[in-house]
Every structure is written in structure tokens, then in C-alpha cells.
Amino acid sequence: MTGPGVTSPVFVHETGFAREAAFALHAGGRTLSCAMSLVAAPLEELDAGAPGWLAPDEAALLTKRLAAARRQSLLAGRWAAKNALGLLAPGIAARDMCILPGLFGQPVAALPGLSNLQVTLAHAGGAALAVAHPESCPMGVDLERALPEQLGALREQATPRERERAAAALPFDEPQRLLLLWCLKEALSKVLRCGLTVPFNLLEVASLEPLPGGARARFENFAQYEGIAFAAAPFALAVVRPHMAQWQGGDGFASPFVLHDWLASLGQTESAIRSA
Ligand SMILES: CC(C)(COP(=O)(O)OP(=O)(O)OC[C@H]1O[C@@H](n2cnc3c(N)ncnc32)[C@H](O)[C@@H]1OP(=O)(O)O)[C@@H](O)C(=O)NCCC(=O)NCCS
């Protein structure tokens, strides 16, 4: 893996949204090449394009019994994942990349000739976010679309300390603060592979520092990780990575703030895209 990759698009969409960028993490004198992608498209377009980029084993996941919304999220997630992986492995065709669920539901990427690349992904409606990363650097992402009816549940799932910390540190209204906290914890749960099967307190956010459009967070029980989260109504997202792996833009690599710009653009276009 070298610097920012250039790759042909996984598929050419008419009304969809697609962004992808390479970024670098720096840890102990090493540079770790990573890439991210945020996409959204109507199910009809995803379905029409999928035969050109979906691996046969992935296509087998699309059973007839799958609800339309799940079919859309599965396809959007694979598309985002392959956009990101393609930047790190530009010589490999999207159809030759295969991302199947592991025993805990976690995405496991298989690329011919490459054993050290993995991917983490999340979806919200027809939108999906993916980060491709070296296996040596575990990462997790979350992407959420705010739903007013979920506010009570988000409040219940945040600890009193988290709510106080977020109110003191972040210049957002309560729904956005709660959504950022949720995204950070769900992204951490994906790094850990446990998902939300553990007591929520275990994933508690310990500290929050405001960033333009979002926040940086550390965790009470997992000091080895750091999260970055952004909100741009109606969406929020988070990326959790090892704390020691610093994310700086420059030299053609994207800064984390690119994610906020993407999220804002997605919010402006997604109403036209939602179909499932
Ligand atoms: C991980 C979890 C929080 C994701 O929640 P969600 O509402 O599906 O939300 P998102 O859209 O944010 O994320 C979905 C993606 O997370 C990834 N994912 C699922 N389970 C995961 C896990 N245990 N670890 C890491 N990533 C996981 C998958 O890529 C999935 O997308 P895909 O199914 O299209 O590949 C949730 O599925 C969960 O808690 N799973 C429990 C994990 C478990 O132990 N299951 C037992 C096996 S039956």
C-alpha cells in the first residue's frame, strides 16, 4: 500500500451519492494507509448495478426473503466498503473483493493476494459509511439518521455522566449530543466485535472535546481507543480507532473533517435518494 489510491468507480450511479478518500494514521513512526467512503443510492439503482460489482458469495446473501430496506443497506454497505478498499488495493476488481459476515456479524473482507486489509461499515436507510484499514489497526464506524421518536431511547441509553459531559463540552442541542454519544459507543462496539450485546455502561464515553461540527472522545473502559464524531442534521457518524494512531490530513490524505463535509452534502441530497 502506498499513498492515496486512484481507482475506477465501483459503479456509475445516476441519482446516488458517493464520496471516497484515502487517509493516513501515524503510530510509533509507522504510517497506516486507510480509506473511507460514504454512499447512498435508491434500491433500484443498487439492484441494477450490483451484478457488475458484487461477488457471487455476496449475491447469495440477497435472498428473496430479505426486506427491501435490508437489501438496500446490504448493497449500499458493500458498495461503500469496496469504494474504500479499492483506494488501498486499486488493482483488484470490485467483483473479486468479497465481504461476508463473520460469526458475530462483523464484516470480513477477502481480497486476492492481500490478507491484511479489513473493513468496518454502517448504514442508515439507503446511506452507508465504510472505513478500510490494515488488520493491525482495528477500527469501527457508525452512521445514524436522527429519528425524533428515538430520542427517549437515546436519553435512556446515555449515562447521567455522559449527558452531563456532553452538555458541558458540546455546542449542540440535546438530540444531536445524544446521537453523537450513541454513534461513538456503537462504533466502539464494532471495534470490539461485541456489538450492542454488552451492558451499555461498558462502552461509556469518558471525555469529550469539541471539534468543528463534532467531537473527539475517549472511553471510560477502553482507554486504548479514541473516537471522532460529526453531526450534520439529520445524520451523525463516528469513527473509532486506536488512540495511538493519530489522524492528520495533508500530503494528499484526507483529514477527518472531510467526513463532516460529506455528511452535510449527504443531508442535502438524501431526501431524493431514500426509496426503501
Ligand atoms: C453490531 C451492531 C451494533 C450493528 O447494529 P446495526 O443496527 O445493524 O447497525 P449498523 O448499520 O450501524 O451496522 C451494521 C453493520 O455492522 C457490522 N457488524 C455487525 N455485527 C458486527 C460485530 N459484531 N462487530 C463489528 N461489526 C459488526 C456489519 O458490517 C453490519 O452491516 P452488514 O450486515 O450489512 O455487513 C448490532 O448488529 C449488534 O449489536 N450485533 C450483535 C453482534 C452479535 O454478537 N451477534 C451475535 C451473532 S447472531
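User: Which side chain does the side chain of glutamate 226 make a polar contact with?
Analyst: The partner is the side chain of histidine 243, at 3.0 Å, where a polar contact is a pair of N or O atoms within 3.5 Å, and within protein one must be able to donate a hydrogen and the other to accept it, while residues adjacent in sequence count only if both atoms are side-chain atoms. This is a predicted model, in which local features need pLDDT of at least 70 and side-chain atom pairs count only at pLDDT 80 or more, whereas totals for chains, interfaces and linings use all residues. Residues are numbered from 1 along each chain as its sequence is written, and side-chain values use heavy atoms, leaving out hydrogens and water.

User: Is glutamate 226 buried or exposed?
Analyst: Glutamate 226 is buried, with a relative accessible area of 3%; buried means under 20%, exposed over 50% and partly exposed in between, using a 1.4 Å probe and protein chains only.

User: And what is glutamate 226 in contact with, beyond four places in sequence?
Analyst: Its contacts (heavy atoms within 4.5 Å) include Arg216, Phe219, Val239 and Pro242.

User: New topic: which residues touch the most other members of the largest nonpolar core?
Analyst: They are Leu46, Trp53, Leu75, Trp79, Leu85 and Leu111, out of 34 residues, and such a core is a set of buried Ala, Val, Leu, Ile, Met, Phe, Trp, Tyr and Cys residues joined through side-chain atoms within 4.5 Å.

User: Which element gives the largest share of this core?
Analyst: That is H3, with 10 residues; helices are DSSP runs of H or I, at least four residues, and strands are runs of E, at least two, numbered from the N terminus.

User: What does leucine 85 touch?
Analyst: Among them are Met97, Ile99 and Leu117, not counting residues up to four places away in sequence.
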